Amino acid sequence: MAESPAVTLPVASLPILAIEAKGLTKTYAASKRMPEKQALRGIDLEIPRGSVFGLLGPNGAGKSTFINILAGLVNKTSGAVNIWGIDADKRPREARAALGIVPQEINMDPFFTPRETLDLMAGFYGVPSAERKGDEILDALGLGDKKNAYVRQLSGGMKRRLMVAKAMVHSPPILILDEPTAGVDVELRRQLWEYVRKLNARGVTIVLTTHYLEEAQEMCDQIAIINKGEVIACEPTPKLLRRMNQKTLVVRPEHALDAVPDGLADLAPTLRKDGQLAITYKIGETSIEKLLHRLREANVGIGDLATEEPDLEDVFVALTSD
Ligand code: ADP
Ligand code: MG
């Protein structure tokens with residue numbers, strides 16, 4: 001469904017960057033209910049074409065503000081945005097035609113059926129009838145048997161998938177999902193990711209925000225961490241993990257331990273519920289060989305051992321704690 005980008009450009013001129021933001025700022029003016037708020041403080045981001053790009057950050061970090069500026073729903077205060085190689089200030093309609101956006105909030109007319117909803121969207125984008133792929137998209141998202149039901153009769157998860165379908169009717173080369181798995185159960189989430197991966201395999205650039213850190217780790221090949229309106233890290237996922245530069249050695253002692261042996265206290269190991277002893281260490285500062293030596297000195301027989309990489313949660317905490 002995404003074979004033909006909405007903006008048809010010769011292959012030779014495909015942009016290297018799907019999205020590029022430079023010095024993007026946003027200050028929301030004060031209102032009766034809210035004081036002035038500087039939501040974005042100069043965002044520089046380069047989102048490569050073909051990637052699955054994660055925008056990760058705590059609530060209030062500015063993720064939705066960023067996406068809503070791309071979508072043209074929020075006016076930026078300053079900075080520049082290029083979408084699919086098109087300056088969004090100079091050619092806003094063309095730039096936005098390259099985007100399919102699934103907003104954080106579900107907003108749909110409850111009195112239309114999914115099929116009518118998609119037809120309306122396709123009409124809005126000027127997709128000719130013969131080129132409409134509404135049924136195919138609904139099938140791919142597991143909504144085929146609901147296409148003639150009223151939207152108000154759909155479950156929350158189905159509505160969210162319909163939002164994704166709506167975003168894809170004009171076959172945009174970029175799909176942006178803002179917190180797509182909020183309120184979606186495990187099975188539907190799996191289905192959603194499967195579809196997203198399929199689109200990506202066909203060349204669609206995916207941008208998603210999530211605070212499910214494991215999900216970003218699993219889905220994204222590049223992650224930008226955004227905190228208080230600033231990008232504090234932007235790297236390929238494995239590099240971001242390596243930057244943490246730490247690993248955990250997990251040992252199953254030959255004989256069960258009651259407590260962490262005194263002689264190992266300086267390594268700050270933890271005794272896990274399953275009886276495994278976990279020692280987190282900095283690569284470069286110490287080595288497995290040294291740790292094994294220390295374990296032998298402390299008379300801990302090694303039944304089995306493994307190493308663990310830090311997960312994104314650790315990375316995030318480490319990067320955002322001052
Ligand atoms: P995120 O999506 O990362 O949770 P948002 O972009 O929604 O963050 O919000 C960033 C900050 O901007 C928050 O402090 C939020 O309260 C504020 N904000 C968002 N939208 C508005 C608005 N329309 N008016 C005023 N402040 C807003
Ligand atoms: Mg948000």
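Two strands pair if DSSP finds at least two bridges between them; strands (E, at least two residues) and helices (H or I, at least four) are DSSP runs, numbered from the N terminus.

## The model

This is a predicted model, with pLDDT of at least 70 needed for local features and 80 or more for side-chain atom pairs, while totals for chains, interfaces and linings use all residues. Residues count from 1 along each chain, chains are lettered from A and ligands numbered from 1 as written, and side-chain values use heavy atoms, without hydrogens or water.

## The sheet

Let's start with the strands. An open sheet is built from four of them, in the order E2-E1-E4-E5, with antiparallel pairing. At its edges lie E2 and strand E5 (86–87), each of which pairs on one side only.

Strand E1 (residues 17–28) is joined to E2 by nine bridges in the antiparallel sense. Along this pairing, Leu-24 stands opposite Ile-43 of E2, and Thr-25 has Arg-41 of E2 as its bridge partner. E1 also pairs with strand E4 (residues 78–83), again antiparallel, through five bridges.

## The ligand shell

Now for ligand 1. The residues around it (a heavy atom within 4 Å) include Tyr-28, Met-34, Lys-37, Ala-39, Pro-58 and Asn-59. Gly-60, Ala-61, Gly-62, Lys-63, Ser-64 and Thr-65 also belong to the surroundings of ligand 1.

## Contacts and cover

Several polar contacts (N or O pairs within 3.5 Å) can be followed in the view above. Thr-65 places a polar side-chain atom 2.6 Å from an oxygen atom of ligand 1. Ala-61 contributes through its backbone, where an N or O atom lies 3.2 Å from a ligand oxygen. For Tyr-28, an N or O atom of the side chain is 3.5 Å from a nitrogen atom of ligand 1.

On its own, ligand 1 has 560 Å² of accessible area (Shrake-Rupley, 1.4 Å probe), and the protein covers 70% of that area. Which elements give two or more residues to the shell around ligand 1? They are strand E2 (37–48) and helix H1 (63–71). H1 provides the largest share of the shell, three residues.

Methods. Polar contact = N/O pair within 3.5 Å; in protein donor to acceptor, adjacent residues only side chain to side chain.
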